[in-house]
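User: I'm new to this structure and would like to learn how to read it. Could you walk me through it, a feature at a time?

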Amino acid sequence: MSERIAVRTCPLCEAGCGLEITLTSNDDGTERVKRIRGDRDDVFSGGYICPKGSTLGHLHDDPDRLRRPVAKRDGEFVEVSWDEAFATIEAGLLPILEEHGRDACAIYLGNPGAHSLGPMLYNRTLISALGSRNRFSASTVDQRPKELSAGLMFGSVAVPVPDLDRTDFLLMLGANPHASNGSLCTAPDFPGRLDRLQERGGTLVVVDPRRSETAERADQHLAIRPGGDAHLLAAIANVLVADGLADVGRLAEHTNGLDDVTEALASYTPERVERATGLDADAIRTLAHDLAAAPAAAVYGRIGTCTQEFGTLTSWLVDIVNLLSGNLDRIGGAMFAKGAVGQPSTKGAPGTGRGLRIGRVTSRAGGRPESLGEFPVTALPEEIETPGDGQVRALITVAGNPVSSNPNSERLDAALASLEFMVAIDPYVNETTRHADVILPPPSALEKSHYDIALLNFAVRNVANYSPAVLDTPDDQPEEWEILVRLAGLLGGAGANADVDAIDDQVAAAILGSAVRDEHSSVHGRDLTELQEQLDGRRGPERLLDIMLRTGPYGDGFGTDPEGLSLAVLEANPHGVDLGALEPERIPGVLRTPSGKIEAFPEPMRVDLARLEASLDREVDGLVLVGRRHVRSNNSWMHNVRVLTKGRNRCTLQVHPDDADRLGLVEGSPATVRSRVGEVSIDVEITDAIRPGVVSIPHGFGQNLPGVRLRVAQEYRGVNTNVLTDEHFVDEVSGNIALNGVPVSVSPS
Ligand SMILES: Nc1nc2c(c(=O)[nH]1)N[C@H]1C(S)=C(S)[C@@H](COP(=O)(O)OP(=O)(O)OC[C@H]3O[C@@H](n4cnc5c(=O)[nH]c(N)nc54)[C@H](O)[C@@H]3O)O[C@H]1N2
Ligand SMILES: Nc1nc2c(c(=O)[nH]1)N[C@H]1C(S)=C(S)[C@@H](COP(=O)(O)OP(=O)(O)OC[C@H]3O[C@@H](n4cnc5c(=O)[nH]c(N)nc54)[C@H](O)[C@@H]3O)O[C@H]1N2
Ligand code: SF4
Ligand SMILES: [Mo]
């Protein structure tokens, strides 16, 4: 037996912690994970790890993880060879496309794809080969409102992040990094960074209907009524202006429409939003004053502010308050990260952007608005169920479990069962993939290389960190990108045995070619062949990554800056390369609005304010449902890891003692929760941590459906909360589902 240590970035959540993995090898050379710890030398995470990070070995060894493709034969999955799997797809899917057109096949891209190089770099190849308008992703059960508010204001999907390590005051709404480790704010050891904020005399205010683990440790917790965040932020903006505390500073000359915003918000006094927010007017006024008084402050909102009725307005108002209080784009405020691969949406120069358009087209059956090239997931079941031209009859999922993660799960589940053909690129047979005709499993995380292409653009420090694969893939296992490219080849007409390398060469040439043509690129006008020769014979994601790094903001420009970054530099620095603290004064450089300015009052926000206004006088009786996360779970797909699921049942209905009394609910006994679309029976947990009138269920549970092959997860006493979430309760601007604030009734079961 011998041992070795490998280092790798954890791909499980946005924090991207460095892991130190001890492997032992047997006499026959097979290696096993012995231990996983935090990598103390990682330039960003410095040794931090959460309970999930240490389970990559468990995931790798999980006997339920598919090692070979499976195909349905007489209703049962059987293992097949890779060639057979692709031949089955060719025979099953292509005739549907030929007969009914490309739109007859939809595609759904799920969350782990954002943490994996193959999907990050090659999903686009698959999508364009498919050529369908019916594109969906987990983004519209997640962050689409923030992407749109940033796109409307800044012209690019450059989302400002709180400068966690230097701020004096953090106003956090609808996020619980003690469980989630942060999102749209890449910050390994987010909880530790919050502790240090408080240790240096700073203030943390958490706005959440639940006294979450993060709220528990905050200096102040405001238990807001779900969906009241836009009202609260509008009132804060209003107080800043009315009390002479607003000071936009240097950004005034780079901003359009701010006066119109303040005028439109003039009626949002703290008193007027008391009912909608459930908060005391004095508390709101004091909060605005505290925020303004801090030397530097940042407002940060996440899931609870996006997946709710006023998601885009709230996301926009987060940055309006950052702007009005003088905290946008300054040290300690809300800042723009500069990822080493560059932001695709910040190509070109300020004033050269086309601006973001929402709803250029709408979905066929439900008229739901397209944004960023996708329809909201709420449109998927309708498109499958509604007959006629353009009906969806087939589906491809990549790293997604929509039956668990999307609203009105039972409806979607039935819709998927009615499909003529379905392909899943996924390691498990779960709630969604059990409907597939063919499942193509990717290698395990330890068998994949890693670089956080997207998430490092939302980091609280500029860093670059590449990890090679820790373990070799078995001989017949293609890499994840090869699966995607081979499927793209099949859809593009190259047959079931498409030449993956030839397609990959085209992808690489296209990326390099566009850099050469881009007059703002460091390789503008260079000879393509000369650049290609410098790519050291790399292929796949490594080649694309090398191109992106070398033409990126810190890149070596293919030789013009010998000190600059390339993949070779990252390979030589396995603990990452620190590129420094976030830089202030990135505006106007990051702006891609047609005007070259911040558009403070985009038209869709102007229009949607009427909806906010109308909500002010609404009755607010009745119970509403919100979600929550636990540090030991990861959306729907890690409940098969026994070390993470042991212990008390975490899939409970949290209810305030007053509500429990009124409704006759008993601790530990089941209650029936009903919404417009469905009902579940779930164990009651009585706690004063939740606001009266609000109940909470975590998502991602309920693997105990027929046909699922997750032996540990199936034992768990959990239910799927998305049986209750309602596809007609949405943020109307983005079409993003409102998973929080769902009206429900509860009674003892
Ligand atoms: N009620 C409620 N619902 C929610 C949320 C909520 O807060 N409340 N949160 C929402 C959010 S933020 C998100 S991001 C979505 C997530 O929604 P989805 O992305 O649809 O679902 P996940 O649960 O992340 O499931 C991921 C799938 O990817 C597979 N997988 C894991 N690793 C890999 C890999 O390396 N490659 C491939 N190809 N597949 C892999 C898993 O087996 C699983 O099938 O859920 C949303 N749903
Ligand atoms: N352990 C673990 N970590 C994860 C994940 C996971 O499933 N498990 N998922 C990952 C993913 S995909 C994402 S997107 C991130 C999400 O990361 P976070 O945004 O931190 O998500 P949550 O932990 O669900 O916290 C959301 C909070 O919003 C509150 N909330 C609900 N409704 C409202 C409202 O109307 N207003 C306000 N102000 N608050 C509200 C909820 O009570 C909850 O405490 O986490 C990521 N990290
Ligand atoms: S917080 Fe946990 S799951 Fe997230 S990257 Fe770090 S170790 Fe992995
Ligand atoms: Mo997410």
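Analyst: Let's start with burial: a residue is buried under 20% relative accessible area, exposed over 50% and partly exposed in between, with a 1.4 Å probe and protein chains only. This is a predicted model, where local features need pLDDT of at least 70 and side-chain atom pairs count only at pLDDT 80 or more, while totals for chains, interfaces and linings use all residues. Residues are numbered from 1 along each chain as its sequence is written, chains are lettered from A and ligands numbered from 1 in the order in which they are written, and side-chain values use heavy atoms, leaving out hydrogens and water.

User: Is Met638 buried or exposed?

Analyst: Met638 counts as buried, because its relative accessibility is 0%. Helices (H or I, at least four residues) and strands (E, at least two) are DSSP runs, numbered from the N terminus; Met638 lies in the loop between β21 (623-626) and α23 (642-645).

User: Which residues is Met638 in contact with?

Analyst: Contact means heavy atoms within 4.5 Å. Leaving aside neighbours within four places in sequence, Met638 is in contact with Leu12, Lys52, Thr55, Leu59 and Leu644. The C-alpha atoms of Met638 and Leu59 are separated by 8.3 Å, though the two are 579 residues apart along the chain.

User: How do I read a sheet? In what order do β1, β2 and β3 come?

Analyst: Two strands pair if DSSP finds at least two bridges between them. Here 3 strands form an open sheet, β1-β2-β3, with antiparallel pairing. β1 (2-9) and β3 (31-38) each have a single partner strand, so one side of each edge strand is left without a neighbour in the sheet. β1 and β2 (residues 18-25) are joined by 8 bridges, and one of the bridge pairs is Ser2 with Ser25 in β2.

User: What about the sheet of 4 strands?

Analyst: That open sheet runs β11-β10-β9-β13, and its pairing is parallel. Its edges are β11 (220-222) and β13 (297-301). Axes are lines fitted to C-alpha atoms, for helices over the stretch in contact, and angles run from 0 to 180 degrees between N-to-C directions. Neighbouring strands of this sheet are turned by 15° against each other on average, direction ignored. Between β10 (residues 203-207) and β11 there are 3 bridges, with Val206 partnered by His221. Helix α11 (residues 281-293) packs on the sheet, touching β9, β10, β11 and β13, and its direction makes about 135° with that of β9. Helix α6 (residues 190-199) lies across β9 (169-173), β10 and β13, at about 140° to β9.

User: Why is helix α20 described as largely enclosed?

Analyst: In α20 (residues 540-550), 11 of the 11 residues are buried, so the rest of the structure largely encloses the helix. Its buried residues pack against α3 (117-130), α17 (480-491), α18 (500-517) and α21 (567-571).

User: And which residues touch the most other members of the largest nonpolar core?

Analyst: In soluble globular proteins, nonpolar side chains tend to be buried together. A nonpolar core is a set of buried Ala, Val, Leu, Ile, Met, Phe, Trp, Tyr and Cys residues joined through side-chain atoms within 4.5 Å. In the largest one, of 86 residues, they are Ile89, Ile396, Leu440, Tyr451 and Leu491. A second, separate core has 69 residues, including Leu152, Leu171, Leu279 and Val590.
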